[in-house]
Amino acid sequence: MPTTDDRAVWFVDTNGASITDDVTIERFATLLDSFDGSDPEHGSLSASDEDGWNLEIYPDVVSFENVEPGGSVVGSIRSPSRDDLLGMVRELLDGDLDALRRRPWA
């Protein structure tokens, strides 16, 4: 699995397939551009790291949480812009969890 700053990171597409190669902001932008959220069975994209941090992106909301046992939900943001979504994913890829936590999670 590719690493970013010595961390394994990956994406999950709308079909539930893990993407472990070419894990870049450009690749995620391509996934986001093809995501319309019209299929309830395939309703989200995600970006995750080996420490359990996960951004789950739905058509109208993004959530940030640690999915490891004992992890916690940081919160969600309704109707983020494309630029905000890409910024969040970039922060996760860069391992900048402090920047992610400073966002206006509710």
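How many bridges join strand β2 to β4, and in which sense do the two strands run? β2, residues 7-12, is joined to β4 by 4 bridges, and the two run antiparallel.

A word on confidence. This is a predicted model. The protein averages a pLDDT of 92, and 95% of the residues score at least 70. Among the elements, strand β7, residues 73-78, has the highest mean pLDDT, at 98. Strand β1, residues 3-4, has the lowest, at 48. Where pLDDT is low, the predicted coordinates should not be read in detail.

Back to β4. Its other partner here is β5, residues 53-57. Again the pairing is antiparallel, over 4 bridges. Ser48 stands opposite Asn54 in β5. The hairpin of β4 and β5 has 3 residues between the strands. Look at Gly52 in that hairpin: Gly52 takes a positive phi near 95°.

Now, is β4 enclosed or open? Largely enclosed by the rest of the structure, because 5 of its 5 residues, 45-49, are buried. In a regular strand the side chains alternate between the two faces of the sheet. For β4, both faces are covered. Leu45, Ala47 and Asp49 are buried on one side. Ser46 and Ser48 are buried on the other.

Last item, the aromatics. The structure holds 3 aromatic pairs. Which residues form one aromatic cluster? Trp53, Phe64 and Trp105. Note that Trp53 falls within β5, residues 53-57, the strand that pairs with β4.

How values were computed
Residues numbered from 1 in each chain as written. Predicted model: local features only at pLDDT ≥ 70, side-chain atom pairs only at ≥ 80, totals over all residues. Heavy atoms only, no water. Buried < 20%, exposed > 50% of the residue type's maximum accessible area, 1.4 Å probe, protein only. Pairing = 2+ DSSP bridges. pLDDT = per-residue confidence, 0-100. Phe/Tyr/Trp six-rings, centres within 6.5 Å; stacked < 30°, edge-to-face > 60°.
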